[in-house]
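Please read the text alongside the sequence and coordinates shown here.

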Amino acid sequence: MQRVRELIRAVPDFPKPGILFRDITPVLKDAAAFARIIAVLRERYAGKVTHVAGIESRGFIFAAPLAHALGAGLVVIRKPGKLPVATYRAAYALEYGEDVLEIHQDALAKGDRVVILDDLIATGGTARAAYDLCTRCGAEVVELCFVVELAALAGRQKLVPLPVHALITY
């Protein structure tokens, strides 16, 4: 994971002044680093989950190849108005505003075991909303997983007692 850490760049004042954005795009263009992330996550979740839920939009980048590698189903958690049939909705706060996420009501069911995957955890609001949506569908959330954790924003602490895993912590 050291190579992945080296590739993630810090972009000051994006998307707003005072925010230090951790940009994963250099990781994505490095085939070996990207493959390493998926391999590490495949090893962690093999035989433990039936579904991988990706959070819009960067979570999709990691969730789709992981679901494929695991032979698991892929579930998408999206911004409002992007899903075509009945949805559940959860509002949440982020470090620089507020937003809403949705999931199809039939995306998951009782007996499904899901890992929720996103590129980054900051304040934990997005992750909590995704967790609430998956459990509302009846699924068991095995873990909330992130490529990057911004520890200073205390998102993990706000999710206690939920299981959280991050590959890289800043």
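Arg22 is found in strand S2; helices (H or I, at least four residues) and strands (E, at least two) are DSSP runs, numbered from the N terminus. The model is predicted, so that local features need pLDDT of at least 70 and side-chain atom pairs count only at pLDDT 80 or more, while totals for chains, interfaces and linings use all residues. Residues are numbered from 1 along each chain as its sequence is written, and side-chain values use heavy atoms, with hydrogens and water left out.

At 17% relative accessibility, Arg22 counts as buried. Buried means under 20% relative accessible area, exposed over 50%, and partly exposed in between, with a 1.4 Å probe and protein chains only. Arg22 touches Ile8, Arg9, Ala10, Leu120, Val148, Leu150 and Tyr170, not counting residues up to four places away in sequence; contact means heavy atoms within 4.5 Å. One of these residues, Ile8, is 14 residues from Arg22 in sequence, and the two C-alpha atoms are 6.4 Å apart in space.

**Backbone features in loops**

The loop between strand S1 (9-12) and strand S2 (20-23) holds Pro15, and Asp13 lies in the loop between S1 and S2 as well. Pro161 is in the loop between helix H6 (155-158) and strand S9 (164-169). Ala154 is placed in the loop between strand S8 (140-149) and H6.

| Site | Feature | Angle |
|---|---|---|
| Phe14 to Pro15 | cis peptide bond | omega near 0 degrees |
| Val160 to Pro161 | cis peptide bond | omega near 10 degrees |
| Asp13 | positive phi, residue other than glycine | phi near 60 degrees |
| Ala154 | positive phi, residue other than glycine | phi near 60 degrees |

Asp13 is partly exposed, since its relative accessible area is 49%. Ala154 is also partly exposed, with a value of 24%.

**Helices H3 and H4**

Helix H3 (residues 31-45) packs against helix H4 (residues 58-70) at an angle of about 55 degrees, and their axes are 9 Å apart. Axes are lines fitted to C-alpha atoms, for helices over the stretch in contact, and angles run from 0 to 180 degrees between N-to-C directions. H3 and H4 are therefore oblique to each other: angles under 35 degrees count as roughly parallel, over 145 as roughly antiparallel, 65 to 115 as roughly perpendicular and the rest as oblique. The contact is formed by Phe34, Ile37, Ile38, Leu41, Arg42 and Tyr45 of H3 together with Ile61, Phe62, Pro65, Leu66, Ala69 and Leu70 of H4. By class, this contact of H3 with H4 has eleven nonpolar, no polar and one charged residues. Ala, Val, Leu, Ile, Met, Phe, Trp, Tyr, Cys and Pro count as nonpolar, Asp, Glu, Lys and Arg as charged, and the others, Gly among them, as polar.

Leu66, in helix H4, is buried, with a relative accessible area of 0%. Leaving aside neighbours within four places in sequence, Leu66 is in contact with Ile38, Leu41, Arg42, Tyr45, Val52 and Leu117. The C-alpha atoms of Leu66 and Ile37 are separated by 9.1 Å, and these residues are 29 apart along the chain.

**Helix H5**

The twelve residues of helix H5 (residues 125-136) should span 16 Å at 1.5 Å a residue, and the end C-alpha atoms are 16 Å apart, which agrees. The expected span is 1.5 Å times one less than the number of residues. Buried residues in H5 are Gly125, Thr126, Ala127, Ala129, Ala130, Tyr131, Leu133 and Cys134.
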